[in-house]
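Here is a short tour for anyone opening this structure for the first time. Have a look at the picture, then read on.

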2 protein chains.
Amino acid sequence: MEKNIYLVGSGLTPFGEWWGESLRDLMEEAIAAALKSSHLNATEIDMVIVANMLAEVTNNQSGLGALASSLLPHHPPALRVESACGSGALALHTACAFLESKRAKTVLVLGVEKMTDASVDAVSQALMGAADSELDAPSGLTFPGIFGLITRRYMHEFGLTREQLSVVSAVHHRNAHENPFAQFRQKLTPEDVTASPLVSDPLRLFDCSPISDGAAACILSTIHKSPLRIAASQMTSDTLSITERPTIVSFKATREAMSRALKESDIDRSDIKVVETHDCFSIASVINMEDLGFAKQGEGIRIYEDIYAGRTPLFLNNSGGLKACGHPVAATGIKQLIEVGKYLKDTSTQWGLAHNFGGAAASCGIHIMENTNA
Amino acid sequence: MEKNIYLVGSGLTPFGEWWGESLRDLMEEAIAAALKSSHLNATEIDMVIVANMLAEVTNNQSGLGALASSLLPHHPPALRVESACGSGALALHTACAFLESKRAKTVLVLGVEKMTDASVDAVSQALMGAADSELDAPSGLTFPGIFGLITRRYMHEFGLTREQLSVVSAVHHRNAHENPFAQFRQKLTPEDVTASPLVSDPLRLFDCSPISDGAAACILSTIHKSPLRIAASQMTSDTLSITERPTIVSFKATREAMSRALKESDIDRSDIKVVETHDCFSIASVINMEDLGFAKQGEGIRIYEDIYAGRTPLFLNNSGGLKACGHPVAATGIKQLIEVGKYLKDTSTQWGLAHNFGGAAASCGIHIMENTNA
């Protein structure tokens, strides 16, 4: 790929429940923040890619590309990319392709979701659109149900306990405590997680990412520079239905995307010091650590146990992850990249990784970022 | 752009009301037909881009990229592009960018819509998602309403009569009569159109494209060859809301895309002998002829009058257009390219054009195709 795609600006709205703001308001706020941080004029944006999953259902709004374009004075070409909760990373990947094609030089990538305008039932049903509507949904599953099954199977295969799993959200909430953009900043103990209300046995409320409003915007450019370079951008797909897979306790899409991303960036996994990973449910983070190769299969929880005890140099989900930072679904993948970039800059660290997936990892996007000043 | 992107395969389902087929069935049928026509193995597809507007609402299905990937044996990377009724052309444009970036060599672009699974009310509301949900929809407009307003204003400015406008659908139905994939193959006289039931004054039923099921698939490649070359691929955007535009009787997105496409292909407008254009409502075709530069403003209807009387060498909407071929919205832009390619091959013609837009031309995609054997 093009070796010189830079993150030259970024902007976030806080993630939360924003009853007073519309989809458009959230988009405007993130775009303004990204432009401000980039020191570019709006008219230097020559393309917009919007990531969104749910606006047709939650806001009766399609064509979010044109809506974003409407918010810029020169109405640049714009389109929407969707791949359920992985929409953000796939929009970033699409932006990289347009930059590499030379059709665009400076691309605004905007993830947005306004989920609280619809009832919880309607949102839950719409989120189930990320599963297979013919092969999975008719069984009565929701996404907490799918990840409940995955947790049950994982416990069966590897002996993970309920108490161990609770460490994941405790780490995420501790991290979110320091993040002014996070939806839930209160600290939780593992015991709090274990004692929270049952959602889909064995998953409890504090294992589950919330319904959130929010937007995240990145500006990627080949002609404007910054110390933050996109060293790899990879996407993969898998079967949409969990019934067509050989296993549900490991995600092929993640494994393949990671393998390709390491090859593309030409680094070792051990060079990566900071990771944002897709913890839609706590069990996902455990599996992700294994699929990304940071732990052996069955041992992903050790990473979280080590982090909680202060025993590892790997920094994981500093944002608070989907659980505590919040999960406006299509904004998440873009927020992850922003968070990784911020950490690399603030700590003079060289390499970081953002890992985002859609559905039960039916699609996956991984970006590796280099701080060229580190 | 890359000068060597070829259309190496294509497949269509018939457009219509397919109660017995699911979204997945339609996708499978179009993919199989495209693969067959390309003589490629499925595993030679290294990326899939799906165009879809409505499946979240009509089928409770997101993540159509992963669904399409599920239908191929090797589950290649896949994503969905959406820009309302312009999704098809923008998916083709995105495929071109991926090919130009060298990230993909052979891309399957699949447009699909299963609209009849939802009630007409639900579909009408979902289609209104292509307008601005904050600035347009609260006025009570539907899309027939928006184009009714446009028609009224156009008649006011340019003196177009109801009887003249009726020639548009008469031409489209005459063309569809010969198209085995068309939803409505019966011939209509202009008088039939004028006498059809009122939908949104002055638009009548036979001015309006229908609700349709269908899928269309193209295979674009830089390593496999065919006589059909993509000579230009352009996309543009405009404000989503019609209230933010200086006029509603001409579409800036079309004018800009056409100007860029002619420049990219380095041909004159007069070289183009066959056009598929976006006639979501009959008035749109009249305006499109002007915005594409085939007629002066106010005189677009003359093209249709000339075609109806057999007085012009321009072949327009041989498929039957959206009105008579049917309009499974995100499949339309891809069907247009297939239809243009078929005409170029069958008649040894060199240049053709496909013009697709979303909403009231809030986004537009134009492709110019060359038959290098002509």
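## A helix in chain B

The buried residues of α6(B) pack against α5, β5 (198–200), β6 (203–204) and α10 (282–291) of chain B. A residue is called buried here if 20 or more other C-beta atoms lie within 10 Å of its own, exposed if 12 or fewer, and partly exposed in between, with the C-beta atoms placed from the backbone. Contact is judged from those backbone-placed C-beta atoms too: two residues touch if theirs lie within 7 Å. Helices (H or I, at least four residues) and strands (E, at least two) are DSSP runs, numbered from the N terminus.

So which residues of α6(B) are buried? They are Phe143(B), Pro144(B), Ile146(B), Phe147(B), Gly148(B), Ile150(B), Thr151(B) and Tyr154(B). The helix covers residues 143–158 of chain B, and its 16 residues should span 22 Å at 1.5 Å a residue, which agrees with the 22 Å between its end C-alpha atoms. That expected span is 1.5 Å times one less than the number of residues.

## How to read the model

This is a predicted model, where local features need pLDDT of at least 70 and side-chain atom pairs count only at pLDDT 80 or more, while totals for chains, interfaces and linings use all residues. Residues are numbered from 1 along each chain as its sequence is written, and chains are lettered from A and ligands numbered from 1 in the order in which they are written.

## Chain A as a whole

Chain A has 13 helices and 12 strands. Its radius of gyration is 19 Å, close to the 21 Å that the globule rule gives for 374 residues, so chain A is as compact as a globular protein of that length. The radius is taken over C-alpha atoms, and the rule is 2.2 Å times the number of residues to the power 0.38. Along the principal axes, the C-alpha atoms of chain A fill a box of roughly 55 × 45 × 40 Å.

Buried residues make up 64% of the 374 in chain A. Of the chain A contacts with a separation of 6 or more, 78% involve residues 24 or more positions apart.

## A strand and a loop

Strand β1 (residues 6–12) of chain A has 7 of its 7 residues buried, so it is largely enclosed by the rest of the structure. It runs antiparallel to strand β7 (residues 213–221) of chain A, joined by 6 bridges; strands count as paired if DSSP finds at least two bridges between them. Gly9(A) has Ile219(A) as its bridge partner in β7(A).

Leu135(A) sits in the loop between α5 (120–127) and α6 (143–158) of chain A. With 17 C-beta neighbours inside 10 Å, Leu135(A) counts as partly exposed. Leaving out residues up to four places away in sequence, Leu135(A) touches Ser241(A) and Thr243(A).

## Where the two chains meet

The contact takes 53 residues from chain B and 53 residues from chain A. 100% of the interface residues of chain B are also interface residues in chain A, so the copies meet through the same surface. Strand β3 (residues 78–82) of chain A pairs with β3(B) in the antiparallel sense over 3 bridges, and Val81(A) has Val81(B) as its bridge partner.
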